[in-house]
Amino acid sequence: MTDERGRTGSHQERFVGEQDLTTWRTRLGRFLVRCARWLARRLGPHAALLVPLVVGLGIVVAMTVASAEVYESVMDQDDAAALDQPLLDAAMSVRSPALDALVTAYTHVGGVVWMPVLTVAAMLALAAARRSWTPVVLITVAAAGSLLMTVAGKPLIGRARPDLEDAVPPYEYSASFPSGHSLNAFVVAGIVAYLLVLRQRARLIRVLTIAAAAAFALSMALSRVYLGHHWFTDVLVSQTLGAAWLALVITAHRLHLTVRHRGGDGARP
């Protein structure tokens, strides 16, 4: 089956609009492609995707530890943290019973029950539509890395949440950093948007897809601040970590596509 540009099957995944994802313009990018090609020759064609992802999971742990150190230093200096209390006060000033109920229902979408359900549903739908295992691999690894950062980060910092008297029930008692809702929403929405954009030819549709994913991630993060379940800096740094992990996953996929469809060092022909 072909699209209007004559691209067939998995070749469609090489392009976002007119941009070929298997072309690497920097020396670092071409070096990564050579490494991926070396892995593919020795370990099989899927090693170019799987090995970088496994290495990426190790990087995620290191990133979480490093961010914990930086985050702790920032908190000690009261720099970014100076925004926390004023923003919580602003959120408390606009609360109402109806709005509280609405935001609570919405934030449950990013919780431990509904977020996995939505993630699996999106993964299966994309896999069935593409008749490919790519969505299963990418979404599973992206979500696993996000969960790992959440689980590893909370005991590293152990930052207290806002006082219960300033929060909207139901209350939460785990450490405040990182915000699992914010981190998972960013990563899952981001990887789903990436997979959708790979098959969308119209620029407007791609823009709307990315905007919808960004709106979901941002609104989920803000809901945590509004409800008093996290400080603003918790959700801010959580989404920064999510962006870094998402970039690693997408880079690994690009390396896989490059080795599979182009070979060589990924330079522009």
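Which residues does T134 touch, not counting residues up to four places away in sequence? In this predicted model, T134 touches E13, L195 and H253. You can find T134 in helix α6, which covers residues 134–157. T134 counts as buried, because its relative accessibility is 15% and the cut-off for buried is under 20%.

Next, let us turn to the aromatic rings. How many aromatic pairs does the count come to? The count comes to 1 aromatic pair. The partners are Y106 and F216, with ring centres 6.4 Å apart. Their planes stand at 80°, so the pair is edge-to-face; planes over 60 degrees apart count that way.

Where do the two partners sit? Y106 belongs to helix α4 (residues 97–107), while F216 belongs to helix α8 (residues 203–226). The pair therefore ties together parts that are 110 residues apart in sequence.

| Charged residue | Ring | Distance from ring centre |
|---|---|---|
| R95 | Y226 | 5.8 Å |
| R254 | W24 | 3.9 Å |

To follow these in the structure, look for R95 lying over the face of Y226. Then look for R254, whose charged end sits over the ring of W24.

Definitions and conventions:
Residues are numbered from 1 along each chain as its sequence is written. This is a predicted model: local features need pLDDT of at least 70, side-chain atom pairs count only at pLDDT 80 or more; totals for chains, interfaces and linings use all residues. Side-chain values use heavy atoms; hydrogens and water are left out. Rings of Phe, Tyr and Trp (its six-membered ring) pair if their centres lie within 6.5 Å; planes under 30 degrees apart count as stacked, over 60 as edge-to-face and the rest as tilted. Helices (H or I, at least four residues) and strands (E, at least two) are DSSP runs, numbered from the N terminus. A charge sits over a ring if NZ of Lys or CZ of Arg is within 6 Å of the ring centre and within 35 degrees of the ring normal. Buried means under 20% relative accessible area, exposed over 50%, partly exposed in between (1.4 Å probe, protein chains only). Contact means heavy atoms within 4.5 Å.
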